[in-house]
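Trainee: I would like to learn how to read the features of a protein model, one at a time. Could you take me through them slowly?

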Amino acid sequence: MYIRYEVADRIATITLDRPDAANAQNGELLDELDAAWRRAADSPDVAVIVLRAEGKHFSAGHDLKDRSWPDPSTITLDRIYELETRRYLEYSMRWRNVPKPSIAAVQGRCIAGGLLLCWPCDLIVAAEDALFSDPVVLMGIGGVEYHGHTWELGARKAKEILFTGRPVTAEEARQVGMVNAVVARDELDSHTRQLATRIAAMPAFGLRQAKRAVNQTLDVQGFYAAIQSVFDIHQTGHGNALSVNGYPILVDMDEMKAKLT
């Protein structure tokens with residue numbers, strides 16, 4: 001319903017297809033997306049995976065009106081932890097570890113949960129209008145569930161975008177190494193396709209081993225342990241909201257958006 005999947009020339013293209021909601025992620029979209037990733041990972045006809053999005057924006061993040069979430073009046077930290085472990089942390093880590101090269105093509109806004117879709121990819125191509133942000137400190141939370149911030153941006157830039165909520169431009173992201181290339185909006189798909197085609201021509205086993213070498217090096221440096229521990233730090237934000245404010249996070253989205261505009 002929310003994801004398109006196609007394969008051509010050994011390239012699987014997964015498209016977020018909820019443009020009327022800026023590709024905001026509800027439970028159904030994430031489950032469909034995970035199924036598409038699994039399909040591409042298991043297919044012998046796929047050498048490279050491309051993740052792209054239909055419409056003006058890559059993703060506005062988690063859909064806070066998602067019907068798969070419990071009613072705010074009955075929500076518990078146990079239920080939040082269960083849902084976010086599976087759909088956010090486990091999905092993102094699984095996509096990161098798929099043993100095939102992946103490329104995210106990002107345009108427009110990529111907000112909070114949108115980072116959980118592009119950061120697990122091996123390469124990121126950004127349109128000139130791309131803006132990456134994680135403004136959830138406004139909601140009393142120290143950052144989204146998959147803490148790629150420090151690894152992708154460096155410690156000081158990560159603190160800056162979290163403390164201020166301001167977006168990182170595509171060019172800023174390229175300068176710190178988070179983004180591999182910045183291209184004109186109308187060249188995003190073609191540039192990404194050319195890159196994927198070049199990679200798909202390489203020996204599959206060599207690609208798999210190269211990806212494993214880089215990911216394992218990051219894990220030895222502490223990536224995996226940090227992701228797991230910071231996920232629990234994220235949950236303290238939910239716990240604080242529950243104990244202090246009766247959990248307003250799911251109902252104050254309009255106020256948060258007003259502060260960002």
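Trainee: Where is the place of P101?

Mentor: Helices and strands are DSSP runs numbered from the N terminus, a helix (H or I) having at least four residues and a strand (E) at least two. Read in that way, P101 is placed in the loop between α2 (77-96) and β4 (102-106). Keep in mind that this is a predicted model, in which local features need pLDDT of at least 70 and side-chain atom pairs count only at pLDDT 80 or more, while totals for chains, interfaces and linings use all residues. Residues are numbered from 1 along each chain as its sequence is written, and side-chain values use heavy atoms, with hydrogens and water left out.

Trainee: Is P101 buried or exposed, and which residues does P101 touch?

Mentor: Buried means under 20% relative accessible area, exposed means over 50%, and partly exposed lies in between, with a 1.4 Å probe and protein chains only. P101 has 11% relative accessibility and therefore counts as buried. Contact means heavy atoms within 4.5 Å, and P101, not counting residues up to four places away in sequence, touches A47, V48, I49, D122, I199 and L207.

Trainee: How many aromatic pairs does the structure hold?

Mentor: A pair of aromatic rings is described by the distance of the centres and the angle of the planes. Rings of Phe, Tyr and Trp (its six-membered ring) pair if their centres lie within 6.5 Å, and planes under 30 degrees apart count as stacked, over 60 as edge-to-face and the rest as tilted. The structure holds four aromatic pairs. In one of them, the rings of Y146 and F223 have centres 6.1 Å apart and planes at 65°, so the pair is edge-to-face. Y146 lies in the loop between β7 (131-133) and α4 (149-153), whereas F223 lies in helix α9 (residues 223-245), so this pair ties together parts that are 77 residues apart in sequence. The rings of W151 and F223, with centres 5.4 Å apart and planes at 70°, also form an edge-to-face pair. F223 is buried, with a relative accessible area of 5%, while W151, at 32% relative accessibility, counts as partly exposed.

Trainee: How many disulfides does a search of the whole structure find?

Mentor: A disulfide is a covalent bond between the sulfur atoms of two cysteines. The cut-off used is a pair of cysteine sulfur atoms within 2.5 Å, and the search finds zero disulfides. C110 is in no disulfide, and the nearest cysteine sulfur, that of C118, is 3.9 Å away, which is too far for a bond. C110 is buried, with a relative accessible area of 0%, and C118 also counts as buried at 0% relative accessibility.

Trainee: What is the order of the strands in the open sheet of three strands?

Mentor: Strands of a sheet pair through backbone hydrogen bonds, either parallel or antiparallel. Two strands pair if DSSP finds at least two bridges between them. The order is β5-β7-β8, with mixed pairing. β5 (109-111) and β8 (168-169) stand at the edges, each with a single partner strand, so one side of each is left without a neighbour in the sheet. β5 and β7 pair in the parallel sense over three bridges.
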